[in-house]
Amino acid sequence: MLVDSHCHLDFEDFDADRAGILARAHAAGVQEMLIAAVVEAHWPRVQALTAEYPGVWAAAGVHPNEPAAETPKWEHLLAALAVDKVVAVGETGLDYFRSEGDLSWQRERFARHIAASKATGKPLIVHTRAAAADTIAMLRSEEAAAAGGVIHCFTENWDFAKAAMDMGFYISFSGIVTFKKSVELQAVAKKMPADRLLVETDAPYLAPVPQRGKRNEPAFVAHVAAFLGALRGETQEDIAVQTTANFHALFKHAVAT
């Protein structure tokens, strides 16, 4: 069994064939997936999908690139995190690639999400892009180790990975690791301790080889697992068993009822 630890099944990209996507995922051995919210307006839709489909979990948060005005109120965030099958906070973090100017509001939003994670005991799903130093600094200063979480769609170097793991975080690899030019990232993936490894699609984005260029979907996480297995001298089944165990070790609220 595989788990897609990060996807966006609530996006309109999937409205026409969402049931088919779930069927293809199950056929590929992907029995569970986590939908990471990116904006507060989508939280009810994400929650509805978790109620409709077994094995589908959710995270509540606001993406760092959403405008400053979209920062959720504390009480709204806590209420969303209290909903059944919402097992994580996110996605959240810092992104200096797409946003410009004074980004203190991004850091304030990130701090609010970290505080919510610590208050609820639900781990963080962290997005970071062109903000590596500040991301690690904030995880330390806000004592995010008390909450734990995952650096999703990992694209940083080994030093970043080690710093995050030293705070109890997991590292999740997406289809990017399968790209020919991702030599440094592949070196990190090969070096990763097995008990901190997760796999994801980030669907509908970043389809892995050999599906690159297509709309991504949870079934394709099997390609990521197969690539990592070959890279690390393991089988796809080894990766599936380990990353599924890791997912449930991290997201302790993801328990079938």
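## The loop between β8 and α8

P210 sits in the loop between β8 and α8. In this predicted model, the peptide bond that leads from V209 into P210 is cis, with omega near 15°. P204 also has its place in the loop between β8 (197-199) and α8 (221-232). A cis peptide bond joins A203 to P204, and here omega is about 20°. As a general point, most peptide bonds are trans.

P208 is found in the loop between β8 and α8 as well. Is P208 buried or exposed? P208 has a relative accessible area of 1%, so it counts as buried. Its contacts, leaving out residues up to four places away in sequence, are G175, T178, F179, N216, F220, H223 and V224. A225 is 17 residues from P208 along the chain, and the two C-alpha atoms are separated by 10 Å.

## H152 and its partners

H152 lies in the loop between β6 and α6. The relative accessible area of H152 is 5%, so this histidine is buried. Two polar contacts involve the H152 side chain. One joins it to the side chain of E200, at 2.9 Å. Another runs to the side chain of H6, at 3.5 Å.

Which residues does H152 contact, leaving aside its neighbours within four places in sequence? They are H6, E91, I125, V126, H127, S172, E200 and D202. Among these, I125, V126 and H127 fall in the range given for β5 (124-129), and S172 falls in that of β7 (169-173).

## H63 and its partners

H63 is placed in the loop between β3 (56-60) and α3 (74-81). With a relative accessible area of 11%, H63 is buried. Beyond four places in sequence, H63 is in contact with V38, E91, D95, R98, R109 and H127.

H63 and H127 are 64 residues apart along the chain, yet their C-alpha atoms are separated by 7.8 Å. Their side chains make a polar contact of 3.4 Å. H127 is in the contact list of H63 and also in that of H152.

Most residues other than glycine have a negative phi. A130 has a positive value, near 55°, and is not a glycine. A130 is found in the loop between β5 and α5. With a relative accessible area of 52%, A130 is exposed.

C153 has a positive phi too, of about 50°, although it is not a glycine. The place of C153 is in the loop between β6 and α6.

## Helix α6

Helix α6 spans residues 158-166, and its buried residues are F160, A161, A163, A164 and M165. What covers these buried residues? The cover includes the strands β5 (124-129), β6 (149-151) and β7 (169-173), together with the helices α5 (132-141) and α7 (183-191).

Both ends of α6 have a local feature. At the start, a side-chain oxygen of N157 comes to within 3.2 Å of the backbone nitrogen of D159. Just after the helix, G168 takes a positive phi of about 90°.

## The whole chain

The secondary structure of the protein chain comes to nine helices and eight strands. The radius of gyration is 17 Å, close to the 18 Å that the globule rule gives for 257 residues, so the chain is as compact as a globular protein of that length. Along the principal axes, the C-alpha atoms fill a box of roughly 40 × 40 × 30 Å.

How much of the chain is made up of buried residues? They account for 56% of the 257 residues. Among contacts between residues at least 6 apart in sequence, 73% join residues at least 24 apart.

The chain exposes about 10600 Å², with 54% of that supplied by carbon and sulfur atoms. The side chains include 24 positive and 32 negative ones, and the centres of the two sets lie 4 Å apart.

Note on methods:
Residues are numbered from 1 along each chain as its sequence is written. This is a predicted model: local features need pLDDT of at least 70, side-chain atom pairs count only at pLDDT 80 or more; totals for chains, interfaces and linings use all residues. Side-chain values use heavy atoms; hydrogens and water are left out. Helices (H or I, at least four residues) and strands (E, at least two) are DSSP runs, numbered from the N terminus. Buried means under 20% relative accessible area, exposed over 50%, partly exposed in between (1.4 Å probe, protein chains only). Contact means heavy atoms within 4.5 Å. A polar contact is a pair of N or O atoms within 3.5 Å; within protein, one must be able to donate a hydrogen and the other to accept it, and residues adjacent in sequence count only if both atoms are side-chain atoms. The radius of gyration is taken over C-alpha atoms; the globule rule is 2.2 Å times the number of residues to the power 0.38. Accessible areas come from the Shrake-Rupley method with a 1.4 Å probe; for residues, only the protein chains shown count as cover. Lys and Arg count as positive and Asp and Glu as negative; His and the chain ends are not counted. The place of a charge is taken as NZ of Lys, CZ of Arg, CG of Asp or CD of Glu.
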